[in-house]
Each structure stands twice: as structure tokens, then as C-alpha cells.
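Please report on the fold of this chain. Begin with its contacts and overall dimensions, then turn to strands and surface.

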Amino acid sequence: TATTISVTTTGTYTLKQKDGNGCEAVSDIIEAKVNPLPPSPTINALRPTSFCERDYTLLQSSQAHIYIWSNGSNNPEISTKESGEFTVSAKDANGCISKPSAVTKVTKNPLPARPIITALGSTTFCENLFVEIQATEATGYLWSNGEATRTVKINNAGLFSVRSFNEFQCYSDPSNNISTSTLSLPNPPQIESLGATTFCEGGEVTLLANNADVYWNNGLQGSQIKVTNTGDYTATTLNSQGCYSHHSNVLNVDVKPKPATPMINKEGVYTLYAENSLASGMYIWEYNGTAISSNTNSIKAVKSGSYQVKNTLKYDNLICSSDFSESYNFNIGSNPKEIVVYPNPVSIDKITIEALTDLLNVTVQIIDINGRVQKNVIVDNFDTQQYIDIKSLPSGVYFVKIMAKGLKETQRIVVAH
């Protein structure tokens, strides 16, 4: 009943018209054809869709007759340097336009600010030193020498800069440049010793350098020094630019400790002992200033007079000696006994026997009050204190009998365990 209609489906259409007299007329047949829409295209990103400022992305549509992008382009591919949401529609040969593709989101990330670098010291330095260069704070760093920390230690001549990057991994423009230069070093000195470098405590050695302006690693200055302590010694020299050389050759000084000064103590009747912290090495005794032929830590004193002793230690071909002890004034008395047995009474596990003179092939017997021999000991060389074990003897009275060529002596002892 309308003069116009909208057609959305394919078919044959006619118009019938009726006048006021009831007369009808039919129009010509019109055939209408509705073409289908082309399928929606897809977008393929040929570069990352999230990128740093000054970069771009490239978006490509799937195949179509004609391309209609949301930014107005009709090309199969578009490039963009800006953030945005992009779609594409396809137009077929019939002029039909598809629905838009899915949205592709593009993000442009900002660049970090250009960093500034500062030298934390002089940029001209001796070639064995360095300067530190520091950048302004950022998420990360890439220095021109490959380092990746905020502060870098530079020990060579060159031109240095840094680029920073942010959380998007976007890199800044390069920073300002800092140029460094190095100063040459003087030649290292050569050092030598003017004597043996291994010596006893209390000694010294002189170390000599081939240069007058020398600084030693023990803090001394000068072409030669006297050394009294163990250590590795080196030296450096200083030039007019204020640069120290590398270290010289190394001299090892080994100071061997000398024994502590011994002290003489008397044990028993005729025995003098030298005591110190070592209890080792050899001992040199003197009687009234004359050497005694004994090198152990004890001697038999059979003459009144002044005794001294010192201790020696041997280190390979080096012998170090203590100081002599204080003099020990020994008095043997007017009527010394040939044989002394002690302690008496005895409550310990042994008795000690001393002889005034050195004896050979000595027989020592311990006899009980019934005349039975309880102990029989043979001593080939009776020149020092002899110890007889009595711990197996019951308490009681015993007789100690000492027999040697030209000597037979008996002494009574009381054992009281």
C-alpha cells in the first residue's frame, strides 16, 4: 500500500496500481538480488604492537578485494608510530563491506630522560689507578664500555657515555661524554739485601734500592732501610707527575725466634736443671765462665761455684741462641755424700738416687727387713739421676744397696704409700 518498499532478500517484485474506478494495472517485474557480506578480515602484526617512542609497528590484513582500515588507509598493510586501536574491513567486488576485524591495540612507550654522568674524581690519573663515573638514577644502564651498573670504575684512557633504560626496556639518548686520560708510571726500582735475609731474632739486615726516592711497603722512605722483622719487602718510586711505580722485586726476610732465656733450678742434691718455654734444642753450660762439655738441659754439679746456661735452636744452617741465664751459685758443702737417696720417707711411686762421682756397671738393690731382694736394677752408666720404681713395694722399712767397683753403700728408707 506504500509507494516505496525496502528489500533485504533476493526475489521478484511487481507493483499493482488501482484507480478510483476500480481499474488495476501491474508494473513490469523487477528482480532483486541481495549479495552476502564478505567475511571479516584478520590482522597480523608484523612487528611488536608495544614499542618505544621513535619506533613503529606494521599491521597486515588478511586477503581482501579492497581494504578499509579504521585510520582510512586502503593498503593491505599499515604502519603506525602512535598508540591506538586499529581495525580493518574488507570490500568485495559487489561493493559489500564486511564487519570490522577484531581490534588490535598498539602502545607507544615513552623513552627515559637522557642521563647525566659525573666523574667522582680527577679524569686524569696514573695508569695503575682509576676514576669512578656515576650516572643519574634510572631503572637500568648500558655504558659505552659494556658495563651495566650506575657507577663504573674506569682505569684506562677513553671517551665514556651511558644510555639508561626504563621499565619498558626503552633506551634513552646517550648521556654527555666524559674523557679520561692516564699518566705513565716510573720504572719500578730494584732492591737487594746487603746480608743474609734469614737471621736470628735481635739481628738485622740492610735492604738497598737502586733509586734514592724510594717508598718501602713498611712505611719507610729512602734508598736503604734496616729490617729486623719477618716479612716480604718491596719498594716503589714516585715521579714528578705524582705517580707511583709498580712494586719492585720481593725480598723475603725470615727472622727466626731465639729461645727464651733459661733459668737454673736445683733438683735434688747434685743436679742443676735449665728451664725455659722450649724444653728443646741444645744447652751450653758454663762454670765460672768456662764452657762445660754438656749439651742437655741438666748437669751434675760437683763443684761449688757460679753456673750459667743458654739454650740454642738450629734452623737448617742457622743457630739461634738465647741470652745466658742469671748465675746460679752452687755450694756443694764441706763433706758431700757419695750417694744420696731421696725422698725419705717416700710416699710417691719412685725414689731418686744421685752419685757424687760418675760410676760404671752399678747394681742397685732394694732389700726388705727380712733380707729379701725386692728390686735388682743394673745401671751401666751412673752419671745422672737414677729413678727406681717402688710402687709395687708395700709400706715398710727397706735398705737401698748400691754396689760398683770400689763402692758399696747401703741406705735405709721408709716407704709410706
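Of the contacts in the chain with a separation of 6 or more, 49% join residues 24 or more positions apart. Contact means heavy atoms within 4.5 Å. This is a predicted model: local features need pLDDT of at least 70, side-chain atom pairs count only at pLDDT 80 or more, and totals for chains, interfaces and linings use all residues. Residues are numbered from 1 along each chain as its sequence is written, and side-chain values use heavy atoms, without hydrogens and water.

The overall figures follow.

| Property of the chain | Value |
|---|---|
| Radius of gyration | 56 Å |
| Span of the C-alpha trace along its principal axes | about 190 × 75 × 25 Å |

A compact globule of 417 residues would have a radius of gyration near 22 Å. That rule is 2.2 Å times the number of residues to the power 0.38, and the radius is taken over C-alpha atoms. Buried residues make up 34% of the chain. Buried means under 20% relative accessible area, exposed over 50%, and partly exposed in between (1.4 Å probe, protein chains only).

The chain has zero helices and 43 strands. Both are DSSP runs numbered from the N terminus: helices are H or I, at least four residues, and strands are E, at least two. Strand β15 (residues 131-135) runs antiparallel to β17, joined by four bridges; pairing takes at least two DSSP bridges. Q134 stands opposite T151 in β17. In β17 (residues 151-154), V152 and I154 form the covered face, T151 and K153 the uncovered one. In a regular strand the side chains alternate between the two faces of the sheet.

V34 lies in the loop between β4 (30-32) and β5 (43-45). V34 counts as partly exposed because its relative accessibility is 39%.
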